[in-house]
Amino acid sequence: MNPPSPSALVPRPSACPGLLRIVPARDGGLCRVKLPGGRLTAVQARAIAAASQRWASGVLELTNRANLQLRGVRPDGANALVAELQAAGLGPADPAADDVRNVLLSPAAGRDPQQRRDVRPLAAELLALLEGDRRLHGLSPKFALHLDGGEALARLDHAHDVWLSAHAEGYLLGLAGTPLDAPLGLIPTGRERATVAALLHRFIDLASAEQSRMRQLLAQLPVAELLAGLDLLPAPATPRSPAATARRLGSHPQRQAGLCWVGAQPALGRLPAMTLAAVAELAEHHGNGELHLTPWQGLLLPDVPVGTAPDLLAALGALDLVTDPAAPLARLIACTGSQGCAKGQADTKGDALRLAERLPAGVEVHLSGCPRSCALAGQAPHTLLAVAPGRYDLFVRDATQPGPGRRRATQLSLDEAAAWLARSPSDA
Ligand code: SF4
């Protein structure tokens, strides 16, 4: 029997790609595979690589939500591609639940020496809630839950709709825009699933059709009204230990004695299918056969014996993956840009590669093809926003300003942008 048409499986209109909804882009169809907790087995990675080569362009992307997307899907290959990915166990239990599988956690959860709690069991519970409760399937494909176990390797600058942060007596709760040091309440241990379910149902009850994200509802509704009746205790003051995001690259000891994780990232989050297949082999040879995608468009190989980490780092380097956080390509992020996206005003990825050759030490830059800022939800220290091919406005992070920050220069060529950054690398 032929697999059903991808577009027929999820009737809810959305412009977001999914595994079952391949959306057109300038370079062909775009298929996004949502990975539970960012986890992928070596067998699944090989299946994605093979399907990408057979039915798409062989170009893969790692996303800032630790998902993976296949670019350039051919119209005549869409059904077969979806069938192969589903056969590899990459689809949702219920086709209607594909979009809502957004539970984000540290790629080092369960292994990070600094963690307060292993959030993986709760992540699995919440994922099952999202997949199993059909009313929740109406949430936006971008609506996300973030679980913070207190890990050093954690992305804390990304405003998700709901966040839970581990505490000795349960989980602290926050919503989009709630600062980490001012949570709204404490969910007692054992009440997490029921409280999150009640919160999500209240969101659906109260949000209008235009309020698909938490921040949109809270712009119109007092937070106390949303939380009324939920099983929350007063939030105790609990400072969060700082994050150490440089640990996304290179080798770092795990809490399990004698083991480490090894992190790497492809240039600008994009890699050939053959490279993913090669990384899968390395994960089986050196680690536990798993790849953990990171929210920095990279991946970790966990459970690597400390003694073999140098060999693995060398092998990843030979695949052109970046493993040094000081490398220019570790300090640049770029969206798809005009090569693959109709909204792109410039070839951001190509320009970022050119900028890497002259990026001043220590400077971090985000190149965005338009104001949607797909590659980075938070603010980068510097943002180059494309206004025309090869031309960018330059913004500097400013917490008092929305979006990319304060505009400091306009219509810069790449040479002019590099010169500006060299002159004022920490200008804020
Ligand atoms: S930021 Fe704009 S140009 Fe870049 S991928 Fe998103 S929509 Fe396309």
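The paragraphs below lead through the domains of this protein, one meeting place between two of them, a sheet of strands, and the salt bridges. The structure is a predicted model, and the values discussed here are computed from it.

The size of an interface is often given as the accessible area lost when the parts come together. For domain 3 and domain 4 that buried area is about 520 Å², with 60% of it on carbon and sulfur atoms. On the side of domain 3, the residues that lose the most area to domain 4 are Leu268, Arg270 and Gln297, which together account for 89% of what that side buries. Between domain 3 and domain 4 the count of salt bridges is zero, while one residue pair, with both residues at pLDDT 80 or more, is found in polar contact across the interface.

A further feature to find in the model is an open sheet of five strands, which follow the order β6-β7-β8-β9-β10 with mixed pairing. At the edges stand β6 (103-104) and β10 (185-188), and each has a single partner strand, so one side of each is left without a neighbour in the sheet. The partner relation of β10 can be followed in detail, for strand β9 (residues 170-175) runs antiparallel to β10 and is joined to it by four bridges. Within this pair of strands, leucine 172 stands opposite leucine 186 in β10.

Finally, turn to charged side chains. Side chains of opposite charge can pair when their charged atoms come close. The structure holds 22 salt bridges, and one of them joins the side chains of arginine 21 and aspartate 99, with a distance of 2.9 Å from N to O. This pair links distant parts of the chain, 78 residues apart: arginine 21 lies in the loop between α1 (6-9) and β1 (23-25), whereas aspartate 99 lies in the loop between α3 (78-87) and β6.

Note on methods. Residues numbered from 1 in each chain as written. Predicted model: local features only at pLDDT ≥ 70, side-chain atom pairs only at ≥ 80, totals over all residues. Heavy atoms only, no water. Buried area = accessible area lost by both parts, 1.4 Å probe. Salt bridge = Lys/Arg side-chain N within 4 Å of Asp/Glu carboxyl O. Polar contact = N/O pair within 3.5 Å; in protein donor to acceptor, adjacent residues only side chain to side chain. Pairing = 2+ DSSP bridges. Helix = DSSP H or I, 4+ residues; strand = E, 2+ residues; numbered from the N terminus.
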